[in-house]
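These are my notebook entries on one structure. I set down what I looked up, entry by entry.

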Amino acid sequence: MNTVITELINQLDATSISEERKVILHSLAEIIKTKKSKGEIINLNFICTHNSRRSHLSQIWMQTLASHFNVPTIFCYSGGTEATAIAAPVIKTLKKQGFSITQITEGTNPVYALKFDHNSPPIIGFSKEYFHDFNPKSNFTAVMTCSQADDGCPFVAGANEKIALTYEDPKKFDNTVFEEEKYAERSIQIATELYYVLSLINL
C-alpha cells in the first residue's frame, strides 16, 4: 500500500460516526460478512445520479480498503442513472490523498487508472450508467450514495440487495474557496465509514 495512503488510513477516526449512521453501516457489513463466510465473490456497485463524485469516491476507497483489510473477494464498481464525467475536483482530491492517477483517454468523459499501490492492478474510473457492460449484471449489492438515485431507483436490476448509504454532494462547493476543503472532507468521511464497515467483518 502507498505510504501516504497507509498513513491516511491509520488516521481515520471511526468514533466520529453517529450511532444512527452505524445502523446503516452494520447492514452493509452484515451483507459482506455473510458472503465472505460462504466464500462468495462480493460485488459492490456504488450508484449515484451522475456517477461523477460520491459513487467514485466510494468505489475507490472501498477497493483500497478491501486490500488494506486483506479481503480479496471484494470487487467494486460504480455507476449512475446517467453518465457524465468524473468531476475534476475528485481527481484532484484523490491525488492529494496519495493515489497515483493516470488519464488514459481524452474527451468529455475521460477514463482514468487509479492506483493505491505500485504493484496493484489499477482501478478504472469513468462515468457510466450502473447497468453498463463494465459493471456486473447480476449478483451484486447496490449501494446508493445519493438520495436522488435511491429515490429514482426503487428497483435496481440484477442487484441481490440495495443499501442506501447517502452522502451530501460536494458539488455545491465547486468553484468556491471551500472546494478543496469540502471535497477532502467528503472523501475522508466516505473512507472512514467504509473503514468501519470492513473493521466489522472479522468480529
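I take helices (H or I, at least four residues) and strands (E, at least two) as DSSP runs, numbered from the N terminus. The model is predicted, so I recall that local features need pLDDT of at least 70 and side-chain atom pairs count only at pLDDT 80 or more, while totals for chains, interfaces and linings use all residues. Residues are numbered from 1 along each chain as its sequence is written, and side-chain values use heavy atoms, with hydrogens and water left out.

Entry 1, helix H4. I looked up Thr 93 and found its place in helix H4. I call a residue buried under 20% relative accessible area, exposed over 50% and partly exposed in between (1.4 Å probe, protein chains only). Thr 93 has a relative accessible area of 8% and is therefore buried. Contact here means heavy atoms within 4.5 Å. Setting aside neighbours within four places in sequence, I find Thr 93 in contact with Tyr 183, Ala 184 and Ser 187. Its C-alpha atom lies 9.8 Å from that of Lys 182, a residue 89 residues away along the chain. The buried residues of H4 (residues 88-96) are Pro 89, Val 90, Ile 91, Thr 93 and Leu 94. They pack against H3, strand S3 (100-103), strand S4 (112-115) and helix H6 (179-199). After H4 comes Gly 98, with a positive phi near 115 degrees.

I count two strands as paired if DSSP finds at least two bridges between them. Three strands form an open sheet in the order S3-S4-S5, with antiparallel pairing. S3 and strand S5 (123-125) are the edge strands, each pairing on one side only. For angles I use axes that are lines fitted to C-alpha atoms, for helices over the stretch in contact; the angles run from 0 to 180 degrees between N-to-C directions. Direction ignored, neighbouring strands of this sheet are turned by 25 degrees against each other on average. H3 packs on the sheet and touches S4 and S5, its direction making about 175 degrees with that of S5.

Four strands form an open sheet in the order S2-S1-S6-S7, and the pairing is parallel. S2 and strand S7 (159-164) stand at the edges with a single partner strand each, so one side of each has no neighbour in the sheet. Helix H2 (residues 19-37) lies across strand S1 (42-48), S2, S6 and S7, and runs at about 155 degrees to S7. Strand S6 (residues 140-144) is joined to S7 by five bridges.

I then asked: buried or exposed, which is Thr 141? Thr 141 is found in strand S6 and counts as buried, at 0% relative accessibility. Thr 141 stands opposite Glu 161 in S7. Beyond four places in sequence, its contacts include Ile 31, Lys 35, Asn 43 and Ile 163.

On a 1 Å grid over the protein atoms alone, a pocket is an open set of points where a 1.4 Å probe fits, with protein on both sides within 12 Å along at least five of seven lines; lining residues have an atom within 4 Å of a point. The largest pocket is lined by 13 residues, with Gln 63, Ser 67, Ile 74, Phe 116 and Pro 121 nearest its centre. Helix H3 (54-68) and strand S2 (74-80) are the elements that give two or more residues to this lining. H3 supplies the largest share, three residues.
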